[in-house]
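Here are my notes on this model, in numbered points. Please read them with the structure open.

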Amino acid sequence: MRIVTAGGLARLEQEADQARDRAREVQAQAAAAWGSHVRELYAVTDRAERAEATASEVGVLLSGALAELSESQQELLRKDIEIRRLREVLESGVLVGRSLTVLMHYGEPHTVYATREDALADTATHGVPAGTRWVPCGERPASASTWCVAAFIYDAGCKGYRRAVMPAPEPVGGAA
């Protein structure tokens with residue numbers, strides 16, 4: 001059995017009040033720490049989501065750039081092959097009577113081929129459907145046609161190429 005005095009009871013009540021105050025302080029500190037932890041977790045999650053979105057955008061940009069690079073490399077390879085072929089023709093020294101075929105786009109030279117067959121076989125890469133029937137330009141200027149094929153032959157007299165089929169000259173001043 002224990003004897004409790006008024007002073008002892010007052011001390012117990014005072015200690016209990018102090019313990020309650022201390023518990024409230026600790027609880028407030030724990031709540032503040034928890035809140036800080038949750039805010040930091042939200043901030044980290046937000047940064048991670050933004051990093052994922054940025055990485056996804058960069059991936060899309062990179063894949064587009066790689067596709068463009070691949071196209072450019074293929075075009076460069078085609079041009080390199082064409083240049084080598086033309087150098088072989090030039091270095092062969094046999095130019096007289098030799099013809100070249102030029103694919104023209106609105107009258108401007110686009111690509112040079114060794115033969116008409118090569119030109120017609122390659123026109124599909126330029127958007128001309130395979131099997132398209134090619135007809136002479138006739139009296140129309142070459143600039144009036146989207147695509148046309150023109151033959152050029154080496155002319156030793158002028159040391160250069162000229163059109164194999166020249167358009168008929170127009171009469172001067174309407175004279176026939």
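Predicted model: local features only at pLDDT ≥ 70, side-chain atom pairs only at ≥ 80, totals over all residues.

1. Residues are numbered from 1 along each chain as its sequence is written, and side-chain values use heavy atoms, with hydrogens and water left out.

2. Two helices and four strands make up the secondary structure of the protein chain. Helices (H or I, at least four residues) and strands (E, at least two) are DSSP runs, numbered from the N terminus. Along the sequence the pattern is α-β-β-α-β-β.

3. Of the 176 residues in the protein chain, 15% are buried. Buried means under 20% relative accessible area, exposed over 50%, and partly exposed in between (1.4 Å probe, protein chains only). Among contacts (heavy atoms within 4.5 Å) with a separation of 6 or more, 47% join residues 24 or more positions apart.

4. The four strands form an open sheet in the order β2-β1-β3-β4, with antiparallel pairing. β2 and β4 (160-163) are the edges; each has a single partner strand, so one side of each lacks a neighbour in the sheet. From one strand to the next the twist averages 40°. The axes behind such angles are lines fitted to C-alpha atoms, for helices over the stretch in contact, and angles run from 0 to 180 degrees between N-to-C directions.

5. How many bridges join β1 and β2? Strand β1 (residues 99-105) and strand β2 (residues 108-113) are antiparallel over five bridges. Strands count as paired if DSSP finds at least two bridges between them. β1 also pairs with strand β3 (residues 147-155), antiparallel over seven bridges. In that pairing, Met104 has Cys148 in β3 as its bridge partner.

6. Check the hairpin turn. β1 and β2 have two residues between them. Tyr106 lies in this loop, and its phi is near 50°, a positive value in a residue other than glycine. Most residues other than glycine have a negative phi. Tyr106 is partly exposed, at 45% relative accessible area.

7. Thr101, in strand β1, is buried, with a relative accessible area of 4%. Its bridge partner in β2 is Tyr113.

8. Ala142 sits in the loop between α2 and β3. It is buried, at 14% relative accessibility. Ala142 touches Met104, Tyr106, Gly107 and Cys148, leaving aside residues up to four places away in sequence. Ala142 and Met104 are 38 residues apart in sequence, yet 7.8 Å apart in space, C-alpha to C-alpha.

9. The second largest pocket has a volume of about 260 Å³. Of its 14 lining residues, Arg78, Glu82, Thr111, Tyr113 and Asp122 are the closest to its centre. α1 (6-92) gives the most to the lining, with six residues; α1, β2 and α2 (116-122) each supply at least two. Here a pocket, on a 1 Å grid over the protein atoms alone, is an open set of points where a 1.4 Å probe fits, with protein on both sides within 12 Å along at least five of seven lines; lining residues have an atom within 4 Å of a point. The volume is the space filled by probe spheres set on the points, which are joined across faces, edges and corners.
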